[in-house]
Amino acid sequence: MQERDWRPESLAAQGLGWVDASTQAINPPIHMSSTFLRTPGYGPERAYIRDQNPAFEQAEALLAKLEGGAAAAISASGMAAATSVFMALKPGNHVVAPAMMYWSLRHWLTSYAREWGLDVTLVDMTDLGALKAAMRPGRTQLVWIETPGNPLWSVTDIAAAAKIAHESGARLAVDSTVATPVFTQPLKLGADIVMHSATKYLNGHSDLCAGALVTREADAFWERILQVRYQLGSIIGSVEAWLLLRGMRSLFPRVRQQAASALILAERLARHPAIADVLYPGLAGFPGHEIARRQMEGGFGGMLSIRVKAGTEAAKATAARVGLWQRATSLGGTESLIEHRASVEGPDSPVPGDLLRLSVGLEDAGDLYDDLDRALSGGNALA
Ligand code: PLP
């Protein structure tokens, strides 16, 4: 690819268009070496795989480009990426995070992070007044948001949250796993750090676990985050890095198709007699729809949730009856997934028992609707 200002779709499709210098291959080799020959002077060359894995470079460069950031870092999982941001802070620092968010990170923040000395406040991030009130100027170092947020898909105004964070001298980090760089670029809206569970849409095929961070500035705080990754060794293998880059090449058409199907399903399911509510930022009546329209370009993502009128047991029975949707955790793959979140998250979960989370894949939207309709109406897909 000749250097030019190509559009993000073009950059992604060619994985930035890097060509292997030794073979002219248009896909990168998979380097399996854990170490690299040093020059006699022990200069600042590549040293060791835990720090400078050549397999990460192309995917990191592409993601930094798609998010409009100065640098990116791939790590072992979304959780490894997210926790490295908090671990780069210091004991006694105050952070503000959403009361409703990806449950494992909320659990980590309210257990380990607090025990390690972080002062954690959880607030409803759709209420900017609550965020403002939670800020402690000079002490709050980080505001963490997730938008759309798991599993109610609540929308947080990134630009407004960035302003509130910055006014108090804090950074804003955004879990943008569900929005993907296709629909939202948080750095352009004022965020300082973007985080992805690359296990999800970036890879897109449910066949690896990875995380990613992108920073607006490669500053001292970013260096501390990189040090956490290096010291803990929270990296993925070269084969996984290669697969991640391969997945990212089809990111744009995949997630656009998934979002288009999700919108069709949300609109049809909103009229279904067995459903009390459909949670999807693309629906006109959804709280946060107007903010989503402002900060999400070209689609509202492939995730939605439904609340089953007849309650918890009916929701569980619906998930048990599907034939095309797969009953499995995770999201963002080519296959559509359905999950009863309250069962998965356990007794402390704030998620309503009547809620089913849907990750829309690449199947035909009509097939997906028919399968759910049958399951909601009490019919078994195999009957
Ligand atoms: N953030 C969100 C929004 C997620 O959905 C997940 C996983 O489901 C994570 C973070 C954690 O990512 P991982 O499972 O790759 O550690």
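## How H3 meets H8

H3 makes a right-handed crossing as it passes H8. This model is predicted. The two axes, those of H3 and helix H8 (residues 220–232), come within 9 Å and cross at roughly 120°. H3 and H8 are therefore oblique to each other.

On the H3 side, the contact uses Ser84, Val85 and Met87. They meet Phe221, Ile225, Val228 and Leu232 in H8. The contact is made of six nonpolar residues and one polar residue, with no charged ones.

## The second largest pocket

H3 also takes part in a pocket. The second largest pocket has a volume of about 340 Å³. It is lined by 24 residues, and Tyr102, Asn150, Ser197, Lys200 and Leu331 lie closest to its centre. Two or more lining residues come from each of helix H3 (78–87), helix H4 (103–115), strand E6 (193–197) and helix H13 (341–345).

H3 gives the largest share of this lining, three residues. By type, the lining of the second largest pocket has eleven nonpolar, eight polar and five charged residues.

## The largest pocket

The largest pocket has a volume of about 390 Å³. Its lining counts 21 residues, and the closest to the centre are Pro181, Val182, Gln185, Lys188 and Glu297. The elements that each supply two or more lining residues are helix H1 (8–13), helix H2 (54–67), helix H7 (180–183), helix H10 (251–269) and helix H11 (289–295).

The lining of the largest pocket holds nine nonpolar, four polar and eight charged residues.

Methods: Residues are numbered from 1 along each chain as its sequence is written. This is a predicted model: local features need pLDDT of at least 70, side-chain atom pairs count only at pLDDT 80 or more; totals for chains, interfaces and linings use all residues. Side-chain values use heavy atoms; hydrogens and water are left out. On a 1 Å grid over the protein atoms alone, a cavity is a set of points where a 1.4 Å probe fits but cannot get out, and a pocket is an open set with protein on both sides within 12 Å along at least five of seven lines; lining residues have an atom within 4 Å of a point. Grid points are joined across faces, edges and corners, and a volume is the space filled by probe spheres set on the points. Helices (H or I, at least four residues) and strands (E, at least two) are DSSP runs, numbered from the N terminus. Ala, Val, Leu, Ile, Met, Phe, Trp, Tyr, Cys and Pro count as nonpolar, Asp, Glu, Lys and Arg as charged, and the others, Gly among them, as polar. Axes are lines fitted to C-alpha atoms, for helices over the stretch in contact, and angles run from 0 to 180 degrees between N-to-C directions. Angles under 35 degrees count as roughly parallel, over 145 as roughly antiparallel, 65 to 115 as roughly perpendicular and the rest as oblique. A crossing is left-handed if the near helix is turned anticlockwise from the far one by less than a right angle, and right-handed if clockwise. Contact means heavy atoms within 4.5 Å.
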